[in-house]
Amino acid sequence: MRIATVGGGPGGLYLAALVKAMNADHDVTVWERNAPDDTFGFGVVLSDETLGGIEHADTVVHARMAEHFARWDDIDVHFRGTVTTTGGQGFSAMSRTELLRILEQRCAELGVRVHYRTEAPDPETLRHDYDLVVAADGANSPARARYADAFGPTVETRRNKYIWLGTDLVFDAFKFYIYETPYGVMQIHGYPYDASASTFIVEMHDDVWHKAGFGAFAAQHFPPGVSDEESIEVIRERFADILGSHKVLANNSKWQSFATVRNETWRHENVVLLGDAAHTAHFSIGSGTKLAMEDALALAACLHEHDDVGAALVAYEAERRPVVLSTQRAAQASLEWFENIGHYVHQEPAQFAFNIMTRSRRITYDNLRLRDPEFMATLDDWFADHEARRGVLPAESGASRPPMFQPFRLGRLELKNRIVVSAMDMYSADDGVPGDFHLVHLGGKALGGAGLVMTEMVCVSPNGRITPGCTGIYTPAQEESWARVVEFVHTATTAKVGIQLGHSGRKGSTKLMWQGMDEPLPDGNWGVVGPSALAYSPANQTPRSLTSDDMAQIKEEFVAAALAAARAGFDLLELHCAHGYLLSSFLSPLSNVRTDRYGGPMPNRLRYPLEVFDAVRRVWPGERPISVRISATDWFEGGNDVEEAVVIARAFADHGADAINVSTGQVVKSERPAFGRSYQTPYADRIRNEVGRKLGVAVIAVGAISSYDDVNSVLLAGRADLVALGRPHLYDPQWTLHAAAEQDYVGPGADWPAQFRAGRAKPPTGRTDGPRPRLQLVREGPQPTRHARWRPA
């Protein structure tokens with residue numbers, strides 16, 4: 001095969017060496033426009049997984065790299081005069097210059113032709129002259145631009161500024177330095193990469209960067225290879241307490257805004273993208289070099305396993321794309337965390353350190369407990385003490401335990417733990433009346449250990465139902481049936497039970513979910529209404545725009561429903577202002593185009609939902625809390641996003657809400673949500689730290705949270721006060737109790753019903769009668785956390 005590689009960075013050179021090593025008959029040529037001794041950057045960090053792949057693929061390259069590794073285990077977080085250290089992490093780094101030298105040498109040994117200081121021929125020419133063209137030419141890839149229509153690239157430029165520097169100060173661990181300056185928060189990412197130097201990245205929000213005066217220096221044009229020396233001199237002075245007499249090293253160092261590169265596809269006929277040309281991920285979770293070398297490993301294997309180039313490229317993208325997308329999601333969470341770091345500097349050092357460690361959601365509570373159990377035991381103690389000082393723990397309940405099992409006081413309502421069974425529509429009512437199904441469904445979840453169990457959206461009128469199977473609380477029979485459910489929860493369990501009240505609005509008069517979600521009923525419209533005559537989708541009915549009289553009537557229906565819920569004995573009421581239902585549709589500009597006092601700017605769009613809230617709050621018993629569920633983003637251009645969500649949450653908090661339940665989307669059918677694990681948590685995080693913490697309002701996180709590990713991580717990092725889970729409780733009604741068993745927790749936060757206590761030990765899954773290596777364990781004793789620091793010889 002004849003292979004042309006455009007770009008002689010680590011990814012391009014490593015691919016060339018791999019394919020040539022696997023088949024010496026391949027004709028492999030690399031074009032690199034820079035000199036062989038040119039490199040931009042300082043150190044690169046490689047994971048154990050990546051190094052394992054390199055070792056198996058080419059022992060020669062791995063052995064030469066290993067001679068130059070700086071290795072360490074610890075991460076130090078320097079914040080507010082304290083240093084918080086967590087160990088057991090495991091890092092390997094080396095000089096980018098040394099890595100390139102090793103790969104260049106390997107290519108020369110194998111007979112790969114590398115043209116330095118040479119621009120590659122036009123990709124179209126290469127495409128016809130070679131069997132395969134590999135575009136490894138970086139984030140600004142000319143080859144990708146040549147076939148932009150085929151690759152479908154997007155480049156998202158972010159809000160932080162950073163400058164990549166080095167220093168001859170040799171750090172002994174990975175370092176985060178957090179500086180609170182008169183201009184805002186600045187942060188340092190630092191790590192050693194050999195015996196003589198460290199990488200030293202300075203990062204800050206664009207607003208901070210401008211206030212600090214760096215914009216004036218960066219306004220001038222810097223040719224390639226020329227660094228922003230004026231900014232670097234300011235950096236030397238500002239961070240002199242770190243650097244001391246040590247130098248700041250520059251190498252084409254100038255301020256940049258990180259750009260996330262994505263492509264709809266990485267292949268076009270016999271042209272394929274590799275490394276930064278295909279994708280970028282923020283430096284705070286790893287290295288572009290790592291991803292590029294992993295791409296090279298996969299592409300080389302796929303080329304070897306397939307006779308046809310096209311099939312090999314399909315296999316390469318199928319293998320790598322899910323991995324890269326996962327990495328980019330984690331990187332997005334990490335870079336957004338650093339963009340919003342100012343929201344977290346109020347935290348105490350212990351919590352701040354945990355927060356920064358778990359910002360990408362790749363490192364979690366359990367992950368850290370495995371790596372550094374002493375650190376996490378200290379944090380469990382800290383959390384118990386902190387929550388007691390906050391006043392959200394009932395008296396004498398602040399013992400150390402996993403965060404999810406700490407109790408919580410919501411207003412005057414005491415919850416035994418932080419787990420909420422999320423509201424889930426069951427579409428199983430008869431004329432709005434909940435039946436035996438609802439008793440078993442909600443009663444079973446209460447028996448399963450959650451602190452709070454929420455009903456589905458209970459509708460305030462017949463026309464306010466989503467489907468014919470939705471429950472209501474607008475008749476005596478419905479109220480009586482709900483009272484039966486509440487009585488069971490209160491007498492048979494220690495859980496609390498809340499009701500969610502709502503009106504379907506323009507999303508009403510549809511089929512049961514399993515008959516066709518959001519599809520209109522075949523027998524016509526039972527009276528769908530909304531703030532404006534805009535249908536939820538082209539397939540749905542066009543709602544009638546509400547008049548003032550209509551709005552007054554619906555408000556009274558909410559009031560009547562709240563009174564009925566109070567009589568039925570519910571412990572909490574939640575007003576449903578999310579997911580495109582009536583009150584939510586008033587909040588979004590995508591569904592509310594009114595020109596009266598209830599439409600237009602946000603204060604007007606808030607007016608009716610707040611009027612309903614105030615009316616409900618007046619009749620709802622003062623000792624019982626009330627929460628509001630909101631959609632923090634519409635996931636569609638022109639709709640509400642997190643900035644508007646903060647305004648909405650603050651408005652309800654100012655009007656007396658005790659909690660904000662932060663969901664997203666479902667406002668328009670054409671939404672484009674960024675699904676992923678815990679994908680809604682960043683919105684809860686923002687609202688808790690910007691609104692909830694300041695106003696004393698609890699925040700509930702919800703959405704694709706399914707593991708107790710993630711729950712503990714969310715709570716300990718201060719991203720929410722309570723966590724709601726829906727589908728995990730459908731899969732396992734005893735989810736909370738089983739989570740306690742998995743964590744070896746026994747205590748009041750997970751009280752098993754007397755009838756179930758015989759089964760609270762986790763059942764064995766196989767034979768356990770083999771001899772245990774007791775003497776070996778006695779001799780070895782507990783294994784201490786690895787706290788190796790980089791100590792060059």
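Here are a few friendly notes on the strands and helices of this predicted model.

1. Eight strands close into it with parallel pairing, in the order 20-21-22-25-26-27-28-29. On average, neighbouring strands of this sheet are turned by 25° against each other, direction ignored.

2. Strand 22 (residues 496–502) and strand 25 (residues 572–577) share four bridges in the parallel sense. Here glycine 498 stands opposite leucine 572 of strand 25.

3. Helix 25 (residues 708–716) lies across strand 20 (419–421), strand 28 (698–702) and strand 29 (722–725). With strand 29, the helix makes an angle of about 150°.

4. Strand 3 (residues 43–46) runs antiparallel to strand 7, joined by four bridges, while strand 4 (residues 70–72) pairs with strand 7 in the antiparallel sense over three bridges.

5. Which residue of strand 7 is the bridge partner of leucine 46? Serine 92 is that partner, and serine 92 is also the bridge partner of arginine 71.

6. Finally, consider glutamate 480, which lies in helix 18 (residues 476–492). Is glutamate 480 buried or exposed? Its relative accessibility is 62%, and the cut-off for exposed is over 50%, so glutamate 480 counts as exposed. From aspartate 74 it is 406 residues away in sequence and 60 Å away in space, C-alpha to C-alpha.

Terms used
Residues numbered from 1 in each chain as written. Predicted model: local features only at pLDDT ≥ 70, side-chain atom pairs only at ≥ 80, totals over all residues. Heavy atoms only, no water. Helix = DSSP H or I, 4+ residues; strand = E, 2+ residues; numbered from the N terminus. Buried < 20%, exposed > 50% of the residue type's maximum accessible area, 1.4 Å probe, protein only. Pairing = 2+ DSSP bridges. Axes fitted to C-alpha atoms, helices over the stretch in contact; angles between N-to-C directions. Contact = heavy atoms within 4.5 Å.
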